[in-house]
Amino acid sequence: DHIKKMKSAGKLAEANRLSNTWESIEDMLKRAGISNYRVTSGYRPNNNIGKTGSSSNHTVQNFALDIVPTNGDREGLAQQLAQSSVVQQYLSDRNFGILDEHDPRYNKYSTSSSGCFHFGPDSGALSCWNEWQSKYT
(Lines give C-alpha, C1' and ligand atoms only; values in the text may rest on other atoms or scores of the structure.)
Protein backbone atom coordinates (compact mmCIF):
# COMPACT_ATOMS: atom_id res chain seq x y z
CA ASP A 1 0.00 0.00 0.00
CA HIS A 2 2.94 2.33 0.65
CA ILE A 3 4.15 1.92 -2.95
CA LYS A 4 0.64 2.55 -4.27
CA LYS A 5 0.47 5.80 -2.28
CA MET A 6 3.87 6.91 -3.59
CA LYS A 7 2.82 6.14 -7.17
CA SER A 8 -0.45 8.04 -6.72
CA ALA A 9 1.49 11.03 -5.38
CA GLY A 10 3.68 11.00 -8.50
CA LYS A 11 6.76 9.77 -6.63
CA LEU A 12 7.63 7.13 -9.22
CA ALA A 13 11.37 7.06 -8.51
CA GLU A 14 10.75 6.32 -4.83
CA ALA A 15 8.09 3.75 -5.67
CA ASN A 16 10.46 2.04 -8.11
CA ARG A 17 13.29 1.91 -5.58
CA LEU A 18 11.06 0.10 -3.10
CA SER A 19 9.25 -2.19 -5.56
CA ASN A 20 12.55 -3.13 -7.20
CA THR A 21 13.50 -4.93 -3.96
CA TRP A 22 10.58 -7.34 -4.52
CA GLU A 23 10.83 -10.62 -6.36
CA SER A 24 9.47 -9.99 -9.86
CA ILE A 25 6.10 -11.43 -10.81
CA GLU A 26 7.79 -13.43 -13.58
CA ASP A 27 10.33 -14.91 -11.15
CA MET A 28 7.51 -15.79 -8.76
CA LEU A 29 5.63 -17.57 -11.57
CA LYS A 30 8.78 -19.50 -12.44
CA ARG A 31 9.22 -20.49 -8.79
CA ALA A 32 5.57 -21.63 -8.76
CA GLY A 33 6.24 -23.85 -11.78
CA ILE A 34 3.91 -21.85 -14.04
CA SER A 35 5.35 -21.46 -17.51
CA ASN A 36 2.44 -21.75 -19.94
CA TYR A 37 2.06 -18.01 -20.48
CA ARG A 38 3.40 -15.14 -22.56
CA VAL A 39 3.92 -11.62 -21.20
CA THR A 40 1.93 -9.01 -23.14
CA SER A 41 2.80 -6.00 -20.99
CA GLY A 42 5.07 -5.23 -18.05
CA TYR A 43 6.99 -2.25 -16.74
CA ARG A 44 6.45 0.83 -18.93
CA PRO A 45 8.42 3.73 -17.45
CA ASN A 46 7.34 6.28 -20.04
CA ASN A 47 3.60 5.61 -19.85
CA ASN A 48 2.31 7.57 -16.87
CA ILE A 49 -1.30 7.51 -17.96
CA GLY A 50 -3.11 4.26 -18.70
CA LYS A 51 -5.79 3.80 -21.34
CA THR A 52 -8.47 4.38 -18.71
CA GLY A 53 -7.08 7.86 -18.05
CA SER A 54 -5.68 7.03 -14.63
CA SER A 55 -2.08 6.58 -13.58
CA SER A 56 -1.00 3.15 -14.81
CA ASN A 57 0.38 0.59 -12.37
CA HIS A 58 2.73 -0.42 -15.19
CA THR A 59 4.78 2.73 -14.46
CA VAL A 60 6.22 1.04 -11.34
CA GLN A 61 8.53 -1.98 -11.53
CA ASN A 62 7.05 -5.26 -10.24
CA PHE A 63 3.69 -3.54 -9.77
CA ALA A 64 1.80 -4.83 -12.83
CA LEU A 65 2.15 -7.59 -15.40
CA ASP A 66 -0.17 -8.78 -18.15
CA ILE A 67 -0.03 -12.37 -19.40
CA VAL A 68 -1.95 -14.66 -21.75
CA PRO A 69 -1.84 -18.48 -21.85
CA THR A 70 0.44 -19.80 -24.58
CA ASN A 71 -1.85 -22.75 -25.28
CA GLY A 72 -5.11 -20.76 -25.28
CA ASP A 73 -6.40 -22.52 -22.15
CA ARG A 74 -7.50 -19.51 -20.11
CA GLU A 75 -9.51 -21.57 -17.64
CA GLY A 76 -6.61 -23.95 -17.04
CA LEU A 77 -4.15 -21.12 -16.41
CA ALA A 78 -6.61 -19.34 -14.09
CA GLN A 79 -7.08 -22.55 -12.11
CA GLN A 80 -3.33 -23.17 -11.93
CA LEU A 81 -2.70 -19.62 -10.69
CA ALA A 82 -5.50 -19.74 -8.12
CA GLN A 83 -4.42 -23.10 -6.71
CA SER A 84 -0.73 -22.24 -6.38
CA SER A 85 0.30 -21.54 -2.78
CA VAL A 86 3.28 -19.57 -4.14
CA VAL A 87 1.00 -17.28 -6.16
CA GLN A 88 -1.47 -16.97 -3.28
CA GLN A 89 1.26 -15.90 -0.84
CA TYR A 90 2.91 -13.47 -3.28
CA LEU A 91 -0.39 -11.72 -4.03
CA SER A 92 -1.44 -11.67 -0.38
CA ASP A 93 1.87 -10.17 0.74
CA ARG A 94 1.45 -7.28 -1.73
CA ASN A 95 -2.33 -6.84 -1.62
CA PHE A 96 -2.42 -7.75 -5.32
CA GLY A 97 -4.93 -9.67 -7.35
CA ILE A 98 -5.35 -10.92 -10.91
CA LEU A 99 -7.86 -9.30 -13.24
CA ASP A 100 -9.32 -11.37 -16.07
CA GLU A 101 -9.64 -8.72 -18.78
CA HIS A 102 -11.42 -11.22 -21.02
CA ASP A 103 -14.35 -11.37 -18.58
CA PRO A 104 -16.84 -8.59 -19.44
CA ARG A 105 -17.75 -8.20 -15.75
CA TYR A 106 -14.20 -7.03 -15.07
CA ASN A 107 -13.39 -5.49 -18.44
CA LYS A 108 -14.92 -2.21 -17.22
CA TYR A 109 -11.66 -1.78 -15.29
CA SER A 110 -9.58 -2.02 -18.45
CA THR A 111 -9.66 -1.18 -22.12
CA SER A 112 -7.45 -4.13 -23.12
CA SER A 113 -8.55 -6.04 -26.19
CA SER A 114 -6.03 -8.83 -25.59
CA GLY A 115 -8.08 -10.40 -22.84
CA CYS A 116 -5.01 -10.83 -20.67
CA PHE A 117 -4.65 -11.69 -17.01
CA HIS A 118 -3.47 -8.52 -15.26
CA PHE A 119 -1.53 -8.81 -12.00
CA GLY A 120 -1.63 -5.73 -9.79
CA PRO A 121 -3.18 -3.84 -6.87
CA ASP A 122 -6.23 -2.69 -8.84
CA SER A 123 -9.61 -3.05 -7.12
CA GLY A 124 -10.91 -5.10 -10.06
CA ALA A 125 -7.90 -7.42 -9.80
CA LEU A 126 -8.60 -7.98 -6.12
CA SER A 127 -12.30 -8.68 -6.81
CA CYS A 128 -11.54 -11.11 -9.62
CA TRP A 129 -8.83 -12.87 -7.58
CA ASN A 130 -11.24 -13.33 -4.66
CA GLU A 131 -13.76 -14.87 -7.05
CA TRP A 132 -11.10 -17.25 -8.41
CA GLN A 133 -10.22 -18.28 -4.84
CA SER A 134 -13.85 -19.26 -4.24
CA LYS A 135 -14.20 -21.00 -7.58
CA TYR A 136 -10.91 -22.92 -7.85
CA THR A 137 -9.73 -23.62 -4.30
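Biologist: Is Glu75 buried, partly exposed or exposed?
Modeller: Glu75 counts as partly exposed, because its relative accessibility is 42%, and the cut-offs are under 20% for buried and over 50% for exposed. Keep in mind that this is a predicted model.

Biologist: Okay! Which residue does Glu75 form a salt bridge with?
Modeller: With Lys135, and the closest N and O atoms are 3.3 Å apart. Glu75 sits in helix H4 and Lys135 in helix H6, so this pair ties together parts that are 60 residues apart in sequence.

Biologist: And Lys135, buried or exposed?
Modeller: Lys135 counts as exposed, at 52% relative accessibility.

Biologist: Why would two side chains like that pair up at all?
Modeller: As a general point, side chains of opposite charge can pair when their charged atoms come close.

Biologist: How many salt bridges are there by this rule?
Modeller: The count comes to 5. One of them joins Asp100 and Arg74, with 2.3 Å between the closest N and O atoms. That pair links distant parts of the chain, since Asp100 is in strand S3 (residues 97–100) and Arg74 is in helix H4, 26 residues apart.

Biologist: Is Asp100 buried or exposed?
Modeller: Asp100 is buried, with a relative accessible area of 13%. Arg74 is buried too, at 17%.

Biologist: Which other residues make salt bridges?
Modeller: The side chains of Glu23 and Arg31 meet in one, at 2.7 Å from N to O. Here Glu23 is partly exposed, with a relative accessible area of 26%. There is also a network of salt bridges linking Asp103, Arg105 and Glu131.

Biologist: Let's switch to pockets. How much space lies in the second largest pocket?
Modeller: About 160 Å³.

Biologist: New topic, the nonpolar core. How many residues are in the largest one?
Modeller: The largest nonpolar core has 31 residues. Those touching the most other members are Leu29, Leu81, Val87, Ile98, Phe119 and Trp132. H6 gives the most to this core, with 5 residues.

Biologist: What is Ile98 in contact with, leaving aside neighbours within four places in sequence?
Modeller: Its contacts include Leu81, Val87, Leu91, Phe117 and Phe119. Ile98 also meets Ala125, Cys128, Trp129 and Trp132, and His118 is on the list as well.

Biologist: Last one. Where is Ser24 found?
Modeller: Ser24 is in the loop between helix H2 (12–19) and helix H3 (25–31). At 18% relative accessibility, Ser24 counts as buried.

Biologist: Which residues is Ser24 in contact with, again leaving aside neighbours within four places?
Modeller: Asn62 and Tyr90. Also, Ser24 and Leu65 are 9.5 Å apart in space, C-alpha to C-alpha, while being 41 residues apart in sequence.

How values were computed: Residues are numbered from 1 along each chain as its sequence is written. This is a predicted model: local features need pLDDT of at least 70, side-chain atom pairs count only at pLDDT 80 or more; totals for chains, interfaces and linings use all residues. Side-chain values use heavy atoms; hydrogens and water are left out. On a 1 Å grid over the protein atoms alone, a cavity is a set of points where a 1.4 Å probe fits but cannot get out, and a pocket is an open set with protein on both sides within 12 Å along at least five of seven lines; lining residues have an atom within 4 Å of a point. Grid points are joined across faces, edges and corners, and a volume is the space filled by probe spheres set on the points. A nonpolar core is a set of buried Ala, Val, Leu, Ile, Met, Phe, Trp, Tyr and Cys residues joined through side-chain atoms within 4.5 Å. Buried means under 20% relative accessible area, exposed over 50%, partly exposed in between (1.4 Å probe, protein chains only). Helices (H or I, at least four residues) and strands (E, at least two) are DSSP runs, numbered from the N terminus. Contact means heavy atoms within 4.5 Å. A salt bridge is a side-chain nitrogen of Lys or Arg within 4 Å of a carboxyl oxygen of Asp or Glu.
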